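Me: Could you take a close look at the aromatic rings in this protein with me? I would like to see how they pair up and where they sit.

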Amino acid sequence: MPVYDKKDFPQVLEQVAQGSVAPLYFLHGEDYLVKSALAQLTEILVPESQRSTNLEIVDGNQADFRHILDNVNTFALFGGRKVVVVQDCRIFYSRANLPTLYTKSKEAHEAGDLEVAARLLLEVLAYAGWSLTDVADGAWRDIPTDLWQQTTGVERDQAEVSWLEAVVDHAGSTGMEVPKLRDDGSLLETALQEGFPEEQSLCLTTDTVDKRRSLYRLMEKKGIVVDFGVASGSSRQVRSQQEKVLRNLAQETLSAAGKTIEPEALALLFERTGFNLWALKTQLEKLMSFAGEATLVTREHVEDLSDQFREEPLYEL
């Protein structure tokens, strides 16, 4: 089956609505886009009256794929389509993803989410074969420079100390541990080759994936894969792509409430949120509430109400 781009996702929803349901749906890429798409997909796959019995949602960080695959192969108690969802799935991580995971950990720390930052860093440690003690209390300085750079994608220097040690301290103080690596990918590959019962579907989501793996190629063949990735970086082309995604989200959110926004107000809002779709959505909801009966959100509204969520500059002076 073809790999769909995020702009083509409505075609996937239309296929499901018409009764053409795949045994596997794999959504990967930008977190907000993936979670929003998953909500739309499950809403069509499982009627509201059956969701308590026919829809199972699993945290990928705690996922036991043997149990998950057993559930996919077990029919729903009262009949109808059964859907098992695994969110934030670890199964697609590999050593090739370590620099990306490391960067995402740092970004989560900068956004104030120590829990997510620690989880991602622990994934890096697991695939690198390091323990918490290998990086705690300055021990990271003893890791060979070339190995550090190969694993994290950045140079090992003093600028890394503050955020890294804060995340390591959080992991240690809350009892988090480096996860054990399991070969769940082989289990899933075997299950896909054998096939699922006709009335069953498995939905998987993740933010990072190694597309070179045989599992990814098999998922392309056996199911529906949708890429919600958004380019990162500071080039003009990347900024243009990011701005398009931001504008689409802003238009959808405002239109649903019957409101519009001044171009100057939207530009200021983008500057304050950076490329953070969760922050943009939150700020837009606040602005619409603040505007009340007014249908136009103005620059003054943004200046008065919008918080500083800037994680990275979308526009640079």
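Reply: Let's start with the rule: rings of Phe, Tyr and Trp (its six-membered ring) pair if their centres lie within 6.5 Å, and planes under 30 degrees apart count as stacked, over 60 as edge-to-face and the rest as tilted. By this rule there are eight aromatic pairs. One of them joins Phe 26 and Phe 92, which are stacked at 4.3 Å centre to centre with 25 degrees between the planes. Phe 26 belongs to strand β2 and Phe 92 to the loop between β4 (82-87) and α5 (98-110), so this pair ties together parts 66 residues apart in sequence. Helices (H or I, at least four residues) and strands (E, at least two) are DSSP runs, numbered from the N terminus.

The model is predicted: local features need pLDDT of at least 70 and side-chain atom pairs 80 or more, while totals for chains, interfaces and linings use all residues. Residues are numbered from 1 along each chain as its sequence is written, and side-chain values use heavy atoms, leaving out hydrogens and water.

Phe 26 is buried at 0%, and Phe 92 is buried at 2%.

Trp 130 and Trp 148 also stack, at 6.0 Å centre to centre with 5 degrees between the planes. Trp 130 lies in the loop between α6 (114-128) and α7 (145-152), and Trp 148 in helix α7, so their pair ties together parts 18 residues apart in sequence. Both Trp 130 and Trp 148 are buried.

Note on methods
Buried < 20%, exposed > 50% of the residue type's maximum accessible area, 1.4 Å probe, protein only.
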